[in-house]
Structures are given as structure tokens and as C-alpha cells.
Amino acid sequence: MRYLLYAALAAALTFFITLPILGVHLNQSAQGLSLTGQWQHCLYAAAVVFIAQLLLPLAIQAKHRLPRNPRFSPAAYIENHRGVVLALLIVAAFFVPVFGSRGAVNVATLALIYVMLGLSLNIVVGYAGLLDLGHVAFYAVGAYCYAILAQHGVGFWTTLPIAALLTGALGLLLGFPVLRLRGDYLAIVTLGFGEIIRILLNNLDSLTNGPKGINNIPKPGLFNIVFTRKGGAGETPFHELVGIPFSTEQRGIFLYLIILGLCLLTLWVINRLLRMPIGRAWEALREDEIACRSLGVNTTGIKLSAFAIGAAFAGLAGAFYAAFQGSVTPDSFTFWESAIMLAIVVLGGMGSQTGVILAALALTIIPEIAREFSQYRMIIFGAVMVLMMIWRPQGLIPAQRPKMELPE
């Protein structure tokens with residue numbers, strides 16, 4: 001009876017809360033805009049919540065009563081064999097431009113951008129244990145770095161290291177004032193930093209063109225080889241070089257291979273760092289900062305290194321994003337982007353590279369496939385996050401810690 005009462009109360013609250021969101025539909029016609037009622041959608045949402053509220057306590061009780069087999073776990077198996085899993089994902093990534101359409105290649109390119117962003121934020125949040133809600137600032141600075149330099153004739157490949165160094169230095173600047181902060185206070189400061197960068201980009205009209213952004217950003221080439229129908233002075237079109245007909249898909253495939261290479265570079269560098277003392281220090285800082293200090297570890301340098309390296313990889317992703325989109329505006333770098341990055345790390349499993357990659361692919365590819373539910377994207381996203389926090393707070397594929405077991 002108690003569960004039934006709770007379910008009815010939750011359904012009623014859901015109906016009234018979703019009424020202004022789902023119950024009103026905006027229509028455009030020759031006479032102008034008009035509002036129509038869609039209250040049946042609110043009833044559907046209330047019915048779903050009612051059923052879920054009834055079944056959830058029963059499912060939790062059944063979960064605790066079922067016998068467990070700790071010897072096998074699919075998530076632990078994937079994490080323990082992440083080398084094989086990553087190799088399969090890399091091989092599958094190379095087949096995308098071969099069998100995928102132009103739209104599929106573009107979606108895969110966008111997914112790899114978020115994979116790179118998730119891996120970069122995983123350094124700060126997953127390994128060092130520093131909650132960063134302003135990671136989008138480094139993403140934006142990297143994008144505007146290439147957009148501005150490209151207007152002055154600087155090439156894409158020259159801009160990549162410049163963007164990494166600039167955003168890495170910005171990460172150091174952010175790291176200094178937040179060295180003494182932890183938890184929620186650190187999150188608030190980094191959130192404010194991300195908003196400050198966006199507002200600066202919006203107001204610096206002479207440099208960033210304000211809210212209009214920067215358009216007509218040139219696409220990258222390769223050793224004077226361009227992927228256009230006709231090349232400029234000293235440039236050779238790719239289709240003329242290899243003797244094939246011109247197609248606009250060639251540029252998309254080339255951009256896809258660039259971001260795939262950047263993701264592989266990010267993976268390789270992070271894996272190398274994790275095997276070095278700095279990687280061990282990140283994990284020690286995450287587990288217990290006081291114990292880390294008592295062992296003589298320089299926590300100041302460790303925090304700064306995590307911010308700087310994570311920011312540098314986010315800057316690389318931002319520079320590629322500007323080249324991929326061909327235009328950048330401050331509205332492309334809102335808090336929603338930081339929320340997606342953090343959700344990728346949390347859903348995948350903090351400190352788990354395989355989990356972060358799979359979560360990034362899921363959160364970018366699934367919304368593109370289910371476009372008919374785009375108006376309910378925020379509701380579905382929030383529901384998934386709540387369910388994950390209830391059922392699996394450690395993430396889909398949690399990182400495996402080294403452990404020792406004594407014989408029974």
C-alpha cells in the first residue's frame with residue numbers, strides 16, 4: 001500500500017511538472033505561431049513514472065536476494081582486457097569510412113571529438129580526482145585559436161601545437177587559484193571560469209567577432225595536397241594526384257582520419273603517463289590527498305600537471321572542431337558541453353579509458369539515430385543519469401584497481 005501511494009504521488013508530480021514542457025506544442029503556420037495542447041504526453045510520462053515507482057522497489061529487493069557470482073563480471077572482463085577491446089574498436093574505426101555513408105562519417109567524426117574530450121577530462125576527474133565543470137573553456141580556446149590564426153594565413157598543422165601550448169598554459173593559470181579548493185568549491189570555481197571564457201569570446205568583437213563568430217575557416221590539407229575541386233597556387237587537388245573523380249566525401253574521410261589519429265595520440269600519451277611516476281601520483285592524489293602529502297609528493301605540481309595536460313588535449317580537440325565545422329561561435333561552448341563531457345566520464349567510469357570511449361560513442365551516436373525523440377533528449381538524458389546513480393554509480397565499466405587476494 002505504501003509503494004502504491006508513493007507511485008501515485010510521483011505520477012501526479014510528474015504530470016504537473018511536465019505539463020509546461022510536454023503539454024504545450026508550438027506550431028508555425030501562415031497566420032503565425034500558435035500553441036496547442038499535448039496533455040496526453042504528460043499522461044504517458046506520469047504512467048511511466050507510476051510503473052517505474054512500483055517496480056523499482058521490487059527490483060531492488062530481488063537484486064539483494066539473488067545469489068551473486070563475483071568471479072565473472074562483463075564490465076570487469078572488458079576492463080581487464082581493455083587492450084583487446086581498444087584494438088577491436090580501432091580496427092572498427094578504420095572500417096567506418098569504407099562502409100559508412102557521408103552522414104555516418106560525419107557523425108563518427110563528431111563522436112571521436114567527444115571521445116578526445118572525454119579522455120582529456122578523464123585525466124582531471126578520473127585520475128587526479130579534481131571535479132572540473134569548466135573544461136569547455138579549453139575546448140573553446142583551442143577552437144578560436146585556429147579560427148583566428150587561420151584568418152592570418154597560419155596553417156592547421158602549425159596551429160595544433162600552438163593551440164595545445166596555449167590551452168596548457170591556460171590550464172596552469174586555472175590551476176593556481178584552485179589549488180586549495182576541493183569538491184563542490186572546486187566545481188563552482190571551474191564552472192565560473194568556463195562562463196568567463198564564453199563571455200569574453202562573446203564581447204571581444206575586435207578579436208572574435210562577438211556573437212557572430214568566425215566563419216569561412218579553411219579546411220586542413222596535407223603537404224600542399226587539398227581536398228577541393230581546384231587547388232590554389234602551389235596546391236594539388238587530391239583527386240588529380242591519385243587520378244580519381246572528385247567527391248566531397250574525400251574531405252570528410254580525411255577529417256575523420258585526422259581526428260582518429262589525434263584520438264590514438266591521446267590514448268598513447270595518456271597510457272605512457274599512467275606508467276610514469278606522474279600517473280601514480282595522480283591516482284594517489286585522487287585516493288587521499290593528505291596521505292599523498294605525508295609521503296612527500298608535491299601535490300601542487302601534480303594538480304597543475306593534471307589541469308595543464310587535460311587542457312592541452314581539449315585544445316587540440318577544439319582546434320580540430322573549428323576546422324571540421326568551418327565556423328565557431330560562443331554559443332557552441334556553453335555549460336551543456338561541459339555537462340556532456342562530465343557525463344561521459346561518469347557514465348563510462350572514472351579512470352576507465354574503455355568506459356569513457358564507449359560512453360562518448362553512445363552519447364553522441366544514439367541521439368543522432370533517435371532524432372524523432374530529440375525534443376525529449378534532456379528528459380531522457382536526465383533519467384539515464386538518475387538510473388545510473390541508483391544502479392551503477394561507479395560507471396558502466398569501472399576502472400580496475402590493483403589488488404591482492406589471500407587464499408581461503
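Trainee: Which residues do ring pairs link into a cluster?

Mentor: In this predicted model, ring pairs join Tyr139, Tyr144, Tyr321 and Phe333 into a cluster. The whole structure holds nine aromatic pairs.

Trainee: Why is the pair of tyrosine 139 and tyrosine 321 called tilted?

Mentor: The planes of tyrosine 139 and tyrosine 321 are 55° apart, with 5.5 Å centre to centre. Stacked needs planes under 30 degrees apart and edge-to-face over 60, so the remaining angles count as tilted.

Trainee: What parts does the pair of tyrosine 139 and tyrosine 321 tie together?

Mentor: Tyrosine 139 belongs to helix α6 and tyrosine 321 to helix α14 (residues 299–325), so the pair ties together parts 182 residues apart in sequence.

Trainee: What makes the pair of tyrosine 321 and phenylalanine 333 edge-to-face?

Mentor: Their planes stand at 75° and their ring centres are 6.0 Å apart, so the pair is edge-to-face. The cut-offs are centres within 6.5 Å and planes over 60 degrees apart. Phenylalanine 333 sits in the loop between α14 and α15 (335–348).

Trainee: How do you know whether tyrosine 321 and phenylalanine 333 are buried or exposed?

Mentor: Buried means under 20% relative accessible area. Tyrosine 321 has 11%, so tyrosine 321 is buried. Phenylalanine 333, at 2% relative accessibility, is buried too.

Trainee: Why does asparagine 122 count as buried?

Mentor: Because its relative accessibility is 0%. Asparagine 122 is in helix α5 (residues 102–127), and the residues asparagine 122 touches include Tyr127, Val345 and Met350.

Trainee: Where is confidence lowest in the protein chain?

Mentor: In strand β1 (residues 24–29), at a mean pLDDT of 60. Where pLDDT is low, the predicted coordinates should not be read in detail.

Definitions and conventions: Residues are numbered from 1 along each chain as its sequence is written. This is a predicted model: local features need pLDDT of at least 70, side-chain atom pairs count only at pLDDT 80 or more; totals for chains, interfaces and linings use all residues. Side-chain values use heavy atoms; hydrogens and water are left out. Helices (H or I, at least four residues) and strands (E, at least two) are DSSP runs, numbered from the N terminus. Buried means under 20% relative accessible area, exposed over 50%, partly exposed in between (1.4 Å probe, protein chains only). Contact means heavy atoms within 4.5 Å. pLDDT is the predictor's confidence in each residue, from 0 to 100. Lists of a residue's contacts leave out its neighbours within four places in sequence.
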